[in-house]
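Have the structure open as you read.

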Amino acid sequence: MTPLRPATSVTRDLPASPLRLAIVAVSVGAFALTVAGIVITGGLPSSWVSDPPATPDHAAGLAFPLVGAFLLVHRPRSAAAWVMYVGGIGCALNIFGSAMMLRAGADGALATAGHYRYVGGLGWIVGGTLLAIMLPLYSPDGRLPSRRWRPMVAAAALVMVAEAARLVVRPTPPAENYPLPRIIPNPLAIEALSPYHATIQDSLALLINVLAVLSLLSLALRAHRADPTTRRQIAWPLTSFALYIVCLLAGESWWLAGTIATGLIPVAIAFSMLRYRLYGIDTVVSRAFVAAGLIAAVSAVYFGAGALAGLTLSGYDRIGGLAAALFAGAVFHPLRRLLRRWVDRLMYGTHGDPRALAARLAQEVGEAEPANALAATAAVIREGLGVTGVAVEVNDPGTRRVEIGLLDPAPRAVPLIWHGEPVGRLLLGSPGPRRFAAAHNDRLIAVVTPYMADVVHAVRMTADLQRSRERILTAREEERRRLRRDLHDGLGHALTDMAMSINMARINLRSAPASADRLLAELRTGMDAVGQEIRELVYGLRPPTLDELGLAEAVRALAVEGDPQVAVETEGDLSDLPAAAEVAAYRIAQEGLTNIRKHARARSATVSLRRGESLVVRVQDDGHGLRTGSRSGVGLLSMRERAAELGGTCVIGEAPGGGTLVEAVLPIPVGRI
């Protein structure tokens with residue numbers, strides 16, 4: 001499609017383009033001819049006034065030439081614009097020629113009226129054929145749906161020529177049932193055609209109507225097979241044409257509505273060709289189809305149920321009416337959902353189908369890894385919602401954000417909730433070329449948010465797991481480095497010194513026994529120091545008291561090491577706990593008691609060990625509690641990390657009666673419960 005030229009450029013180039021000047025001048029002239037025809041018709045005697053006074057040709061003569069000229073100024077090569085332009089001029093000639101024919105006939109100039117009939121009739125043939133048959137074929141992009149529709153163009157041209165020939169040689173009609181006071185003669189009439197004229201006229205009229213219906217069908221088929229953007233563009237002319245046909249089929253009482261609908265057709269086509277993205281025609285079409293279907297179906301159900309109830313419940317009119325109303329109400333909501341789903345599929349294709357979008361999201365969530373699932377699901381949501389961009393923000397200590405496409409400065413923010421916990425936000429850009437109705441967008445957003453919340457939660461859990469692994473690796477390497485340093489700098493040097501002392505003692509054993517005895521005494525002291533360092537290293541790996549006394553007694557040994565008085569309570573079998581859970585529980589209890597003795601100023605404390613489905617460690621004191629605004633120290637962070645390493649939790653807060661409460665829940669494998 002030719003790009004739209006700026007209005008300032010068109011206005012500047014218009015005086016320098018003879019073709020554009022001619023197009024604009026002729027369109028203004030056609031508009032003036034239509035107005036003149038309306039004025040002339042208004043001054044006719046009542047017996048010469050046509051009924052109805054306003055027809056779709058009046059609206060076509062006023063609107064199509066101007067809109068066609070406007071489109072040609074912007075897009076001179078558009079076939080649809082040329083069809084609108086020439087067809088509108090034909091309708092204007094029809095209005096003016098018919099008015100002049102009636103004026104001449106009323107004045108008694110019947111021969112002149114016969115010549116004016118040619119002008120009006122030929123204008124009607126050209127305008128009707130182009131606007132009713134050719135325009136839907138070439139709307140909205142100025143191209144045929146496919147080459148298979150070319151024979152229909154040829155058929156329309158042949159029908160137009162045949163109808164023009166019939167008009168030129170039309171025989172004199174009979175006087176009976178003639179709509180005017182006097183018969184308008186035909187200067188070129190062939191009277192020998194009188195027996196066949198009615199058949200020829202009816203056949204051509206039927207052929208024109210069939211071609212018009214096929215032309216509208218081509219527009220509907222084009223909309224059905226098109227992509228969502230083109231389908232949205234076609235919805236404008238298709239809706240306006242359908243509205244005109246409904247008014248036309250409704251009868252002469254709807255001629256005024258049909259005239260108004262005819263005037264809307266060129267405006268709708270202009271919108272579809274130039275600025276179709278700015279208007280929510282899909283909302284209009286969707287709601288119109290749903291409303292029409294509901295009215296028709298519910299009416300049929302109501303009257304059908306009422307008739308059936310009237311037959312089966314004779315004499316109970318109120319009961320029959322109530323039964324019909326209840327039955328119609330029962331089918332209303334399911335029918336509305338079915339119609340809305342069908343119209344959504346028609347307007348938006350599979351991309352706008354909530355179930356199809358949910359299936360695509362489920363597939364992406366199932367196939368993609370958590371690290372890549374954010375980008376994959378965001379791309380699916382962007383395509384499914386038809387927005388310019390999508391971003392996903394994860395509520396995480398290390399702020400994580402994935403953005404696909406372009407967002408507005410103030411995008412729409414949709415909170416992502418996972419089991420009542422806010423886990424992030426979904427940011428949506430403005431509607432793109434394939435924009436959905438607002439209600440449809442909301443339905444799709446309601447479909448995608450649970451999937452995105454699951455993905456964001458999985459990303460958070462993956463990030464937590466990764467951080468936990470990193471902490472474990474860091475702690476392991478730090479412990480290895482400490483062991484290496486202690487072994488190298490402490491035990492290594494001590495053992496080297498001991499070896500040298502032994503050698504010196506052996507040398508001095510005979511010559512200087514006193515010196516050898518002193519060296520051996522120093523060696524004994526060094527061996528005690530080395531033994532103590534080894535015990536400290538072993539204690540750092542796993543407290544020996546756990547193997548010697550068990551968890552409960554080891555904690556009791558911690559409780560008696562100093563003030564305040566500490567009571568130890570146990571519940572359940574603590575003898576066969578996993579080694580990792582034992583060490584974590586012991587260290588948490590040890591750190592909790594250390595904090596109490598250093599900071600709490602407590603008079604008493606309680607350590608509780610309870611085994612059930614999990615191992616629960618509680619350390620509570622009656623001290624002054626946590627300071628307001630205080631930051632967690634190394635000890636508190638250490639307790640939380642030890643619980644998190646096992647997949648558990650550690651909560652530190654105020655005790656119910658005052659003081660501080662540390663409660664850690666450590667999972668136990670199923671086989672060990």
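## Helices H6 and H7

Keep in mind that this is a predicted model. Start with helix H6 (residues 150-168) and helix H7 (residues 194-225), which pack at an angle of about 150°, their axes 10 Å apart. An angle over 145 degrees counts as roughly antiparallel, so H6 is roughly antiparallel to H7. Their crossing is left-handed.

Who meets whom here? On the H6 side you'll find, among others, Met 152, Val 159 and Arg 166, while H7 brings residues including His 197, Leu 204 and Ser 215. Sorted by class, this contact has 11 nonpolar, three polar and two charged residues.

## Helices H2 and H4

Now hop over to another pair. H2 and H4 pack at an angle of about 30°, with 8 Å between their axes. Angles under 35 degrees count as roughly parallel, so H2 is roughly parallel to H4. The crossing of H2 and H4 is left-handed.

From H2, the residues in this contact include Ala 22, Val 26, Leu 33 and Thr 41, and they meet a set in H4 that includes Trp 82, Tyr 85, Phe 96 and Arg 103. Split by class, the contact of H2 with H4 has 17 nonpolar residues, four polar and one charged.

## The nonpolar cores

Which residues touch the most other members of the largest nonpolar core? They are Phe 64, Met 84, Met 134, Leu 135 and Phe 241, out of 39 residues in that core. At least two core residues come from each of helix H2 (18-42), helix H3 (56-74), helix H4 (79-106), helix H5 (110-138), H6, H7, helix H8 (228-249) and helix H9 (255-274). H4 gives the largest share, eight residues.

Zoom in on Met 84. Not counting residues up to four places away in sequence, Met 84 touches Phe 64, Val 67, Gly 68, Leu 71, Leu 131, Leu 135, Pro 266 and Ile 269. Another core, of 36 residues, lies apart from the largest one, and Ile 588, Leu 636, Ile 652 and Val 662 are among its members.

## A look at Leu 523

Last stop: Leu 523, in helix H15 (residues 513-541). Is Leu 523 buried or exposed? Its relative accessibility is 10%, and buried means under 20%, so Leu 523 counts as buried.

Beyond its neighbours within four places in sequence, Leu 523 is in contact with Met 498, Ser 501 and Ile 502. Take Ser 501: Leu 523 and Ser 501 are 22 residues apart in sequence, and their C-alpha atoms are 6.6 Å apart in space.

Conventions. Residues are numbered from 1 along each chain as its sequence is written. This is a predicted model: local features need pLDDT of at least 70, side-chain atom pairs count only at pLDDT 80 or more; totals for chains, interfaces and linings use all residues. Side-chain values use heavy atoms; hydrogens and water are left out. Axes are lines fitted to C-alpha atoms, for helices over the stretch in contact, and angles run from 0 to 180 degrees between N-to-C directions. Helices (H or I, at least four residues) and strands (E, at least two) are DSSP runs, numbered from the N terminus. Angles under 35 degrees count as roughly parallel, over 145 as roughly antiparallel, 65 to 115 as roughly perpendicular and the rest as oblique. A crossing is left-handed if the near helix is turned anticlockwise from the far one by less than a right angle, and right-handed if clockwise. Contact means heavy atoms within 4.5 Å. Ala, Val, Leu, Ile, Met, Phe, Trp, Tyr, Cys and Pro count as nonpolar, Asp, Glu, Lys and Arg as charged, and the others, Gly among them, as polar. A nonpolar core is a set of buried Ala, Val, Leu, Ile, Met, Phe, Trp, Tyr and Cys residues joined through side-chain atoms within 4.5 Å. Buried means under 20% relative accessible area, exposed over 50%, partly exposed in between (1.4 Å probe, protein chains only).
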